Amino acid sequence: MLLAELVVLGLAYGLLFGVLALGLTLIWGVMKVVNIAHGDFVIVGAYSSYWLFVLAGVHPILSILFTAPFGFGLGIIVYLGLVRRVVHAPELMSLFLTFGISTLISSLLLYIYSPNQRAISVTFPSINGLGVVLPGNVAIAAAYAVVVATLLRIFLTKTYWGKAIRAVTEDSSSALLMGINPEAVSMLAFGIGVAIASSVGSVVMLLQAVYPTGGSEFTLLAFVIVVLGGLGSPFGALLGGIVIGVVDNVASLYLPAAATPAIGFIILVIVLIVRPSGIMGAKGR
Amino acid sequence: MTEPLLEVSRLAVNYGAVPVLWDISLTVNRGELVVLLGSNGAGKTTSLRSVQGVLKPKSGKVAFNSKDITALAANKVTAIGLSLVPEGRGLFATMTVEENLQLGAFSKRARKRFGENLSSVYELFPILKERKGQRAGSLSGGEQQMLAIGRGLMSDPEMLMLDEPSLGLAPIVVSKVFKVLEGLKDRGLTILLVEQNVEVSLAIADRGYLLENGKIAFEGTPDQFRANESLREAYLGL
Ligand SMILES: Nc1ncnc2c1ncn2[C@@H]1O[C@H](COP(=O)(O)OP(=O)(O)OP(=O)(O)O)[C@@H](O)[C@H]1O
Ligand SMILES: [Mg+2]
C-alpha cells in the first residue's frame with residue numbers, strides 16, 4: 001500500500017482509538033480510577049451490535065443508538081454497585097476491582113457465547129480521493145469518532161455538568177466548594193466513559209472480528225494512548241490516538257507484522273523519557 | 001437587632017487521632033464582619049473547613065440560619081448560602097475566568113440569579129470582565145484573589161467565609177481586597193474572615209476571635225483587642 005494511504009488509514013483508526021481513550025481518560029481524570037475493564041465494555045458493545053444485526057438485522061451503525069445509552073446505564077450501575085466503593089481507597093484497590101470487573105465480563109461472555117470469533121459483513125463503498133483509497137468502513141469509523149469527539153467537546157465546554165467534570169478533574173476539593181457533588185460527577189463520568197467504550201464496540205464490529213476475551217487488547221491500546229497523550233487530557237487522548245494509529249500503520253510498511261504491536265510501546269517509552277507527563281500532560285509533575 | 005446567622009458550638013475536630021480543635025464556640029450575626037485571628041497552625045483553616053462540612057467534626061454543632069448543618073455535605077452547605085473562599089484560592093487554573101465564575105454558580109440557588117450576580121461581580125472587579133476569556137492561572141496574584149472572591153459571590157451566598165485572602169499579596173493589593181470586603185459588608189453580606197494580617201482586619205471587623213492552639217483564647221471588639229496588653233505583645237504585634 002501507498003504511504004499516503006497508510007497515513008490516512010492510521011489517522012482514521014487513530015481517531016477511533018483516540019475516542020476510546022477519551023472515555024478512559026475522562027474516568028481517570030474525575031476519580032483517579034484506571035478502568036481495566038474499559039476494553040471489555042467495548043466487547044460488550046460489539047456483541048450487542050452483533051446480535052442486533054444477526055437477530056434483528058439492525059445495522060451496526062444504527063445499533064449505536066442502543067449501545068451508547070445501554071453502556072451509559074451499565075456504567076452507572078457498575079459505578080454505583082462497585083466502583084464507588086473504591087474511589088477513595090488506595091489506587092491499587094481500584095486496579096484490583098476493575099481487573100475483577102474485566103475478568104467477570106469476559107468470563108460471562110465466554111460462558112454465554114463460546115470462545116468463537118464473531119464477525120459480520122457489512123461494507124460501505126470505499127472512498128477515493130487524491131489517489132488515496134480509504135475503505136468505507138474505516139471512513140465510517142472515523143466519522144463516528146469525529147462526531148463523538150465533537151459532542152463531547154461541546155458537552156465539556158458548554159454545559160454546567162461538563163464544566164463540573166473538568167472542575168472535578170482539575171481540583172476536586174475546590175469543585176466541592178462550588179456546590180458540585182463529586183459523587184454525581186463521578187457517576188456521570190463513568191457512565192459516559194462506558195457509553196463511549198460500548199459504542200466504539202459497535203463500530204469495531206465494522207472493522208474486525210471480536211471474541212469474548214479480546215477486551216484486554218483494547219484496554220491496553222487505550223491505556224498506551226492515554227499515557228502518551230497525557231493523563232486526564234481529552235485533547236491529548238485524541239492526539240495520542242492519532243500518533244499511535246499513524247505510526248502503527250506506517251510501520252507495517254517497513255516492519256514484519258509481528259513487530260508492529262511493539263511500536264506503540266516504543267513511542268510511549270520515548271515520549272515518557274522526553275516528557276514524563278505525556279504530550280499534553282500538565283507540566284512539572 | 002442582632003440575629004445569629006452562624007452559630008458554632010463546642011466544635012471539636014481531629015485529624016485521625018490527633019486533636020486539632022477543642023471546644024470552639026463562635027457566633028456570626030447577620031450583617032456582621034467577624035475576623036478569626038491566630039498564628040500559623042492555630043487551626044483557622046480547620047475551623048472553616050469544618051463549618052463548611054469538608055471535615056467532619058468529632059463533636060459539637062454548626063448551625064446556619066437556625067438549621068443544623070453539622071452533618072451536611074460541603075456542596076450542600078454551599079447550596080444553602082454559605083460559601084468558603086479557600087486558602088490558596090483553589091481556582092481552576094486551566095479554565096477561563098468566566099468559566100470559574102460559572103462554576104461558582106453551580107448550585108440551583110445560584111443559577112437562578114446567574115446574570116444578576118455576574119454583572120455585579122464584573123462591576124465590583126472590572127478587571128475580571130476584561131480578562132474573562134483568559135485562563136485563571138495566567139492572572140496576577142491579586143487578580144486571582146479577586147476571582148476567588150468573585151467566584152464565591154457567584155454562589156449567591158448569605159454568608160461568605162474567606163481563608164487568608166491577603167496571603168502572598170503586595171500591601172497595596174491587600175488594602176484593595178480589604179476595601180472590597182468592607183464594601184460587601186456594607187451591602188449586607190455577612191462575612192467570617194480568617195486572617196493573620198491583624199491590624200488591617202481589625203480595622204474593618206465588627207468583632208474578632210483569637211484562636212490559639214485549637215482553642216478560642218480571646219474574643220471581643222476591635223477596641224477590646226487593641227486594649228489588651230498581653231494580646232498586643234504576644235500576637236498582635238501592635
Ligand atoms: N490534613 C492534615 N492532617 C493532619 N494534620 C493537619 C492537617 N491539616 C492541618 N493539620 C494540622 O492541624 C493544625 C491546624 O492547622 P490549620 O491548617 O487549621 O491551621 P491554620 O491556623 O489555618 O494555619 P495557617 O495560618 O498556616 O494556615 C496544624 O498543627 C496542622 O499541622
Ligand atoms: Mg490556614
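Q: How many salt bridges does the rule find across the interface of chain B and chain A?
A: Happy to start there. A salt bridge is a side-chain nitrogen of Lys or Arg within 4 Å of a carboxyl oxygen of Asp or Glu. By that rule, the interface of chain B and chain A has 1 salt bridge. Arg166(A) pairs with Glu99(B), their closest N and O atoms lying 3.0 Å apart. A word on the source: this is a predicted model, in which local features need pLDDT of at least 70 and side-chain atom pairs count only at pLDDT 80 or more, while totals for chains, interfaces and linings use all residues. Residues are numbered from 1 along each chain as its sequence is written, chains are lettered from A and ligands numbered from 1 in the order in which they are written, and side-chain values use heavy atoms, with hydrogens and water left out.

Q: What is the area buried between chain B and chain A?
A: The size of an interface is often given as the accessible area lost when the parts come together. Here, buried area is the accessible area (1.4 Å probe) that two parts lose on being put together, summed over both. For chain B and chain A it is about 1900 Å², with carbon and sulfur atoms giving 63%. In chain B, Asn75(B), Phe92(B) and Phe106(B) lose the most area to chain A, together 35% of what that side buries. Counting contacts (heavy atoms within 4.5 Å), chain B brings 23 residues and chain A brings 17 residues.

Q: Is Thr45(B) buried, partly exposed or exposed?
A: Buried means under 20% relative accessible area, exposed over 50%, and partly exposed in between (1.4 Å probe, protein chains only). Thr45(B), at 21% relative accessibility, counts as partly exposed. Glu87(B) is also partly exposed, at 37%.

Q: Which strands does S9(B) pair with, S3(B) in the parallel or antiparallel sense, and S10(B) in which sense?
A: Strands of a sheet pair through backbone hydrogen bonds, either parallel or antiparallel. Two strands count as paired if DSSP finds at least two bridges between them. Strand S3 (residues 33–37) of chain B and S9(B) are parallel, over 4 bridges, and Val34(B) stands opposite Arg207(B). With strand S10 (residues 215–220) of chain B, S9(B) pairs in the antiparallel sense over 5 bridges, where Leu211(B) faces Ile216(B). In S9(B) (residues 207–212), 5 of the 6 residues are buried, so the strand is largely enclosed by the rest of the structure.

Q: What is the phi of Asn213(B)?
A: Phi of Asn213(B) is near 50°, a positive value in a residue other than glycine. Asn213(B) belongs to the loop between S9 and S10 of chain B, and at 58% relative accessibility it counts as exposed.

How values were computed
Helices (H or I, at least four residues) and strands (E, at least two) are DSSP runs, numbered from the N terminus.
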